[in-house]
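I opened this structure to look up a few local features and to note what I found. The entries follow the order in which I looked.

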Amino acid sequence: GAKAPEIDLRSLDGARVRLSALHGKPVVVTFWGSWCPPCREEFPQLVAAYRKHHANGLEIVAVNQFDQETSEKSVRQFSAQFGVPFPVVLDPRGRSRRAYRLVGLPTTVFIDTAGTIAMIVSGPVSAADQAKGLAMIVRER
């Protein structure tokens, strides 16, 4: 029920992505690394959720823990492999990880239209957890 901390980072295409700019929309923030096997497992689910719910306003921001990556090339390859249609942002200093007090990757945060954290899943998101989190933030039109 806490206010979601701001995320203000650059995407792979160089655009500035700010969580506060998405106020009024349901948002899923996923914290991940290209080297993380559970992250690889859950990304297809995130892409599918985005495609299914984007028309209802859903936004997803994929925050790569870039300070733990080997290269930007590996992040780009990961994004291309999964056909990621939402912004992939790079956190070169781990500030978002500290702001959200992450204990591991992946971590998924479901944020409602008021900018309040509705649910956090540390570790891989099961289909049931994803459905529950989305039901808490997305309103079908």
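Entry 1, serine 11. I listed the contacts of serine 11, leaving aside neighbours within four places in sequence, and got Val17, Val88 and Val89. The model is predicted, so I keep in mind that local features here need pLDDT of at least 70. Serine 11 sits in strand β1, residues 8-11. Is serine 11 buried or exposed? Its relative accessible area is 8%, which is under the 20% cut-off, so I put serine 11 down as buried.

Entry 2, strand β4. I took β4, residues 59-64, and checked burial: 6 of its 6 residues are buried. Side chains in a regular strand alternate between the two faces of the sheet. In β4 I found Glu59, Val61 and Val63 pointing one way, with Ile60, Ala62 and Asn64 pointing the other way.

I then looked for the strands that pair with β4. Strand β3, residues 27-32, pairs with β4 in the parallel sense over 6 bridges. Which residue of β4 is the bridge partner of phenylalanine 31? I read off valine 63. Strand β5, residues 88-90, also pairs with β4 in the parallel sense, over 3 bridges. Here alanine 62 has valine 88 in β5 as its bridge partner.

I searched the whole structure and found 1 disulfide. It joins cysteine 36 to cysteine 39, with an S to S distance of 2.4 Å. The angle about the S-S bond is 80°, and the link is right-handed. Cysteine 36 has a relative accessible area of 2% and is buried. Cysteine 39 is at 0% relative accessibility and counts as buried too.

In soluble globular proteins, nonpolar side chains tend to be buried together. I looked up the largest nonpolar core, which holds 45 residues. Val29, Phe31, Phe43, Phe86, Tyr100 and Ile111 touch the most other members. The elements that give two or more residues to this core are β3, α1, β4, α2, β5, β6 (107-111), β7 (117-122) and α4 (127-137). Which element gives the most? I found α1, with 6 residues.

I followed up isoleucine 111. Not counting residues up to four places away in sequence, isoleucine 111 touches Ala4, Leu19, Lys25, Pro26, Val27, Val29, Tyr100, Thr116, Ile117, Ala118 and Ile137.

Leucine 46 is in helix α1, and its relative accessible area of 5% makes it buried. Leaving aside neighbours within four places in sequence, I list its contacts as Val28, Thr30, Ile60, Phe86 and Gln130. I also took the C-alpha separation of leucine 46 and threonine 30: it is 8.8 Å, with the two residues 16 residues apart along the chain.

Entry 6, aromatic rings. A pair of aromatic rings is described by the distance of the centres and the angle of the planes. How many aromatic pairs does a search of the whole structure find? I got 8. I picked out phenylalanine 43 and phenylalanine 86, which are 6.2 Å centre to centre with 35° between the planes, a tilted pair. The pair links distant parts of the chain: phenylalanine 43 is in helix α1 and phenylalanine 86 in the loop between α2 and β5, 43 residues apart. Phenylalanine 43 is buried at 0% relative accessible area, and phenylalanine 86 is buried at 4%. I also noted one aromatic cluster, formed by Trp32, Phe43, Tyr50, Phe78, Phe82 and Phe86.

Most residues other than glycine have a negative phi, and most peptide bonds are trans. I noted arginine 101, where phi is near 55°, a positive value in a residue other than glycine. Arginine 101 lies in the loop between α3 and β6. Is arginine 101 buried or exposed? With 73% relative accessibility, I put arginine 101 down as exposed.

I also noted the peptide bond from leucine 105 to proline 106, which is cis with omega near -5°. Proline 106 is in the loop between α3 (95-99) and β6.

Note on methods. Residues are numbered from 1 along each chain as its sequence is written. Side-chain values use heavy atoms; hydrogens and water are left out. Buried means under 20% relative accessible area, exposed over 50%, partly exposed in between (1.4 Å probe, protein chains only). Helices (H or I, at least four residues) and strands (E, at least two) are DSSP runs, numbered from the N terminus. Two strands pair if DSSP finds at least two bridges between them. A disulfide is a pair of cysteine sulfur atoms within 2.5 Å. A nonpolar core is a set of buried Ala, Val, Leu, Ile, Met, Phe, Trp, Tyr and Cys residues joined through side-chain atoms within 4.5 Å. Contact means heavy atoms within 4.5 Å. Rings of Phe, Tyr and Trp (its six-membered ring) pair if their centres lie within 6.5 Å; planes under 30 degrees apart count as stacked, over 60 as edge-to-face and the rest as tilted.
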